[in-house]
Amino acid sequence: MSVAPEKPPREGKGAGRRIRRKSSLTSHGEPMVWLTGASLALCLVMISGLLGLVVYQGGRTFWPQEIVQVETLTGDVLMGQVSRVDTFTPSADALDALPDEARVRVEADMRANEGSVARRMLRTENFDLTGTHFDWIEESVIAAETKPEWAVVVERTAKGRFYGVPQAFLVDGEAHTVGSAATWGKFEEHHARILARVEQIHDLERDDLGHINSRIERQRLALREVELARGMESPEWIAKERETRALVEDAEREFVTITDEIGRLRTINDSFALRFETAGGGTAIVSLANIVRGTPVNRIGTAGKWSVYFDRWWEFLTADPREANSEGGVWPALFGTVMMTLLMTIVVVPIGVLAALYLHEYAKQGFLVGVVRVAVNNLAGVPSIVFGVFGLGFFCYIVGATIDDLFFGARLPNPTFGKGGILWASLTLALLTLPVVIVATEEALSAVPNSMREGSYACGATKWQTIWRIVLPRAQPGIMTGAILSIARGAGEVAPLMLVGAVKLAPDLPVDLGTFPYLFPERSFMHLGFHIYDVGFQSQNSEAAKPMVYTTTLLLIAIVVLLNFVAIAIRARLRRRFLGART
Amino acid sequence: MLVKERIARTLITAGGIGTILAVTLIFVFLAWVVFPLFASPHTLGSESVEALDATSAPFRFDTDEDRVLAWTLHRDGALELVALESGERIALTHPFGETVPVSASFSTAGDVAVFGFADGTIRVGNVGFETEMLDEAVAAPELHALSTGEVATRGAGVVERTTAGQLRRTTVGFELGEPLDTQNPSPVICIDHAVTPSGLSIVTLQENGALRVSRERTKKNLMTGKVTVSLRSAELAAPIEGAAPEVPRGILIDGLGQHVYVVFADGTTEHWNLADFSAPRLFERIDLIEDPDARLSVVAFVGGRRTLIVGDSSGRVDSWFPARAAGSDDDALLIRAQRFEPGDSPAILVAASPRSRMIAVAFASGSIALYQATLGERLLEIDGDEQAGALTVAPREDAIVARTSSRIASVEIDLKYPEAAVSALIAPVWYEGYPAPTHVWQSSSASDDFEPKLGLMPLVFGTLKATLYSLLFGAPLAILAAIYTSEFMAPRLRASVKSTVELMASLPSVVLGFIGALVIAPFVQDVLPSVLAMFVTVPCVTLLGAYAWQMLPNHVAVRWGGWQRFIAIALTLPIGVVAGVVLGPIFERAVFDGDVTNWLGGQSGSAFGGWFFLLLPLAALVVAVGVAFVVTPRLRSRSGRWERGTVARFEALKFVCGGVLAVALAALCALLLQAVGMDPRGGLVDTYVQRNALIVGFVMGFAIVPIIYTLAEDSLSEVPVALREGSLGAGATNWQTTLRIVVPFAMSGIFSALMIGLGRAVGETMIVLMAAGNTPIMEWNAFSGFRTLSANIAVELPEAVVGSGHYRTLFLAALVLFSMTFVLNTFAEFVRRHFRRRFSGL
């Protein structure tokens, strides 16, 4: 190492600088500081990147994209929405399979881009006609690309989306109106009425028929109860049996009336249909009753797109899922999540506060209480799946099975409470979040200055009065924080729910205002978190389901983050108040 | 007033204690469910009844599920039915009439039986229990009086009142098919059959030495629905004219109809392979009996018909099955898997359980031993004084029923959970068909005679692997970030940065799992070389940035020391990423033969690239230590009077030289290792799977970063200001204060943060469930998937049968998780308190 010639000090204060220089630079550890800084930056980039990804992908799901129609060199005509773009390296076999002209162009493209080819994924759907949902197209084989003015994306109740250009409006199979514009006008005129009838059919099926079925079911259970209690040949049983038969006959008559009505509505609906021209040049007929929403995307302009966008969000938040959960809404999951969290909160907050009051105000502070405190604290670190195992083994299989034996013997061997359900899920999560509430409440209780307690005692208040009037009000924001944090944790927890009652599709909500006893704590439920897992991983058409997963994720994150923000805000307020009291 | 007070006190105390009890209940309950796994099998009692004298061992003896009825097919063709409750013989028929079979074979589970006759014909039959529910109204009046569990004899059957209150009649059905001609009039002296997935396979040995396998082919005409049965035969050994060959101890055909064993009394066994049915091959001739003095006394299959149980005259019992040598495509040869605890006298009878791998072996002395065939463990030993002539395991595995010459004795047993014995859970087990003992978790399968393999080790391994990789990624990131936040950041900014990172903690893990599995995993697979290169380029670029920053004039560096520096630091990240994107493919072409994925799969390239990549961090560490101890002190002592800029240039030069040195060192070692012939593939790196430990490490690292970060940052900020001020006042730089004063003081807090992060990683479920691929394998390969305890519970518990060994094993997994995290957290808490007390004086 060559030693640089020493330079004379430039200015007069050289001596002071020399001492400082002696410890400079290497001892500042600049590189290490940069590593620590880079770690922090990486953490922040990761979180913002993740949130950004979810917000972007989730937010754009419902934006109606323009429909393109492409003609390839191989002669295929495809119509659909571009779902994503990427590059890939085609295999030699795939290249050989292309016609000459296309191959030349693809190979030229490959030479220009280091062996890879740009391609796009077109959501072409029309699954019942083509058997595929998506098609990959290499950019270089596209011969022509147009945006047909009247191309319409139709969201159907079943079989996925449909892309086509409306040709004619059919009434009873006869072309009533011809021409895209006129046809679409007719469609818009009739569609609302048809949807109203679909809704009516749905109501009849679910509510009216459902009530009849549950009435029969209840009667059958009552009969079985008598049978279990008195035996099959007893006079009570015979009387009950006769009653049941009468009721069933009655119900069957009603059943027929309702099904007739449903049939009538269906016939009216079925007479309207649209004839579309599809990309390949063929035609297809779609019944109006099967259309949830039709959008002539290329015509409607920005305002129209925003309207469709919000309309879809509204559907997402309020409607039932369709198409194996990959379309439609998440209303049951949203409802299930909120209700489960609510039930959990009702259970966990009073119990947690009670336990914290005991630990902090009543129990004699000693070794044992210290141990209990540490144990409760550590319970917060126990994996959530363990609580799920406990919930399943204890609540469902032991408590639930006992309840079934005692009160629902008539339904056995079908379990009522002896399986996963919203009540057991709430209790399991209550146990899971209990330490959060206890710890937060204890913290809040210790934040109450002792002088206030002493002052209260000095005024002659009893212990309970002191707690009720002085301590609890002061600790209230802290308790609130604990409650909200526990809600946030509970709302985002999925693993234990997989064991104790979250299901991919629950036909009935745990609350049914039309059927006694209105609240069904034993029912399985849907949950947003489980919905993400289920749609993302168990879905058959995972590519089409992905946008939906992003949107559900966005919704779940929004709920959890919002709750956390509320908790942080309350905590900040509490701290300010506490500081105020100390000074 | 006082009343209210008392009520409040009682309520709060009750509530508080109740809550604490409820919390302990979790542990107690889990333990309570798990406990029966460790109970040892035992007998519950025995009873015996008189039965028909039988001089020779009968063809077959069996009992029904409820053990109300037993049947015996005697050598003279007589079928005897005995009501087990009373010992009353309720029927004695001769279903064969005059033509008594000379040999017979019966299915362990199911009713198929095959008989061989002296005239060279065989007949397929059905013999087994038949049950019917009796109509209470039509049944005889004395049956009405039966209470639950009581038994009455009706005709050639037994009627009992079931627990559901119905009357059930059990009897024995016997059907015999038409004689099938073997085209060889010599008596069929040995016969065995297997019900294979494609139909019935029968192996016969005739007195003149003809050994033949016949397969039944059932064809269903799709148009007419007509079923036709045909028989195809393959001759293994042709008849020998003249002298009669030696009569074997037994012939056996395995459950798939692929292997045929002809076992002789001296232990010699011919092992035939029928994989190509038209050309059967004699695979091997092997001696199953080691001891030259002993004679083979009994041979039989374990349930599932794959493992042979061989007993000899000295009382030894071994199990053998065909298995391929590890990693070879050779023929599967017979190997001895287990040597059971021997009996005191010759083994004479083997009865296999129809529902598990349990076998009962009767010895000449009259004692009976129960073994778990896979584990090689003796479960029970039942003493007896009379030699058994026939033995059977009751269908529910709740009793062993033996028939001696004049009695039927049944011993009720409770086996508990032999398949989930401690040795099966934690030790390697030699499962059927495996070349050596291994750890396997495979709790269920589509096939019927499947044996659950409940080795917890692959799951524990998966859990540790997930934890290790996520800590490798998350822990340094979190701790370094915490140090920067607490030591080098403006307090005003600190609060908002901290709550942003805390926000990360509240993200539901299902979201992380989804992003990891469906976004990051496919993305990383596409750009693997670039991602791998980024592990090198990002820190390098950051460090380069630091050295470049040092070259700034002092007054600029001081003025920009705050957020401007942080922006600069942050800017090095994208530069590092770009560098990775550019360098990755270059590196890939240079040392990984153009395709990392192929290279990892072992299809191409030399070992050099892998070693180089793996050794680079190590080499960098060695060089860094060398530089720190050799170069830096000298530089520091010489540079005292240098200009700041000169020192900075020297520092940068030092870094660049160090980097080159590290690369050279890594390359040299890689070349050496390659020359020695070692290859990293198959160990730390191997075939690339899309959902792998790298992805999980990244995503779960993401999940544990906020926890470690928050706790570490808390403990760093708790360091008293006075200490910091003292250090700075004594002339230490900010970094020196951080490294020598703050971090050591906060070490306990950082350590407990790590422990708690570890606890979270151990129990995390959704991320590993979604992003780890869920294959229970034990490989250190960073690019393969795994299955953790938690994910396994989530996948399998909803399907597990309540109270089964599988169910309890899953509870054991939960208990292990509970204990692990509880111990980790308690330890962390203990460390924190201990050190806090130590430092509280300061």
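A disulfide is taken here as a pair of cysteine sulfur atoms within 2.5 Å. A search of the whole structure, over all chains, returned zero disulfides. The structure is a predicted model, in which local features need pLDDT of at least 70 and side-chain atom pairs count only at pLDDT 80 or more, while totals for chains, interfaces and linings use all residues. Residues are numbered from 1 along each chain as its sequence is written, chains are lettered from A and ligands numbered from 1 in the order in which they are written, and side-chain values use heavy atoms, with hydrogens and water left out.

C540(B) is partly exposed, because its relative accessibility is 34%; the classes are buried (under 20% relative accessible area), exposed (over 50%) and partly exposed (in between), with a 1.4 Å probe and protein chains only. C396(A), by contrast, is buried, with a relative accessibility of 0%.

The interface between the two chains was described next. In total, 108 residues of chain B are in contact with 93 residues of chain A, contact meaning heavy atoms within 4.5 Å. The size of an interface is often given as the accessible area lost when the parts come together. Chain B and chain A bury about 9300 Å² between them, and 79% of this area is on carbon and sulfur atoms. Buried area is the accessible area (1.4 Å probe) that two parts lose on being put together, summed over both.

One salt bridge was found across the interface of chain B and chain A. A salt bridge requires a side-chain nitrogen of Lys or Arg within 4 Å of a carboxyl oxygen of Asp or Glu. The partners are R565(B) and E30(A), whose closest N and O atoms are 3.1 Å apart. Eight residue pairs, with both residues at pLDDT 80 or more, are in polar contact between chain B and chain A. A polar contact is a pair of N or O atoms within 3.5 Å; within protein, one atom must be able to donate a hydrogen and the other to accept it, and residues adjacent in sequence count only if both atoms are side-chain atoms. On the side of chain B that touches chain A, helix α1 (residues 2-34) of chain B supplies the largest share, 18 residues. Helices (H or I, at least four residues) and strands (E, at least two) are DSSP runs, numbered from the N terminus. That side of chain B consists of 69 nonpolar, 25 polar and 14 charged residues. Here Ala, Val, Leu, Ile, Met, Phe, Trp, Tyr, Cys and Pro count as nonpolar, Asp, Glu, Lys and Arg as charged, and the others, Gly among them, as polar.

T542(B) lies in helix α7 (residues 528-550) and is buried, at 1% relative accessibility. Not counting residues up to four places away in sequence, T542(B) touches W34(A), L35(A), A38(A) and T572(B). The side chains of T542(B) and T572(B) are joined by a polar contact of 3.4 Å. T738(B) is found in helix α15 (residues 734-763) and is buried, also at 1% relative accessibility. The side chain of T738(B) reaches the backbone oxygen of N734(B) at 2.8 Å.

Several loop residues of chain B complete the description. N208(B) is in the loop between β13 (199-206) and β14 (211-220) and is buried, with a relative accessible area of 19%. A polar contact of 2.9 Å joins its side chain to that of N184(B). N208(B) and A238(B) are 30 residues apart along the chain, and their C-alpha atoms are separated by 8.7 Å. R305(B), in the loop between β20 (296-301) and β21 (308-312), has a positive phi near 50° although the residue is not glycine. R305(B) is buried, at 14% relative accessibility. N774(B), in the loop between α16 (766-771) and α17 (789-796), likewise has a positive phi, of about 60°, without being a glycine. N774(B) is buried, with a relative accessible area of 17%.
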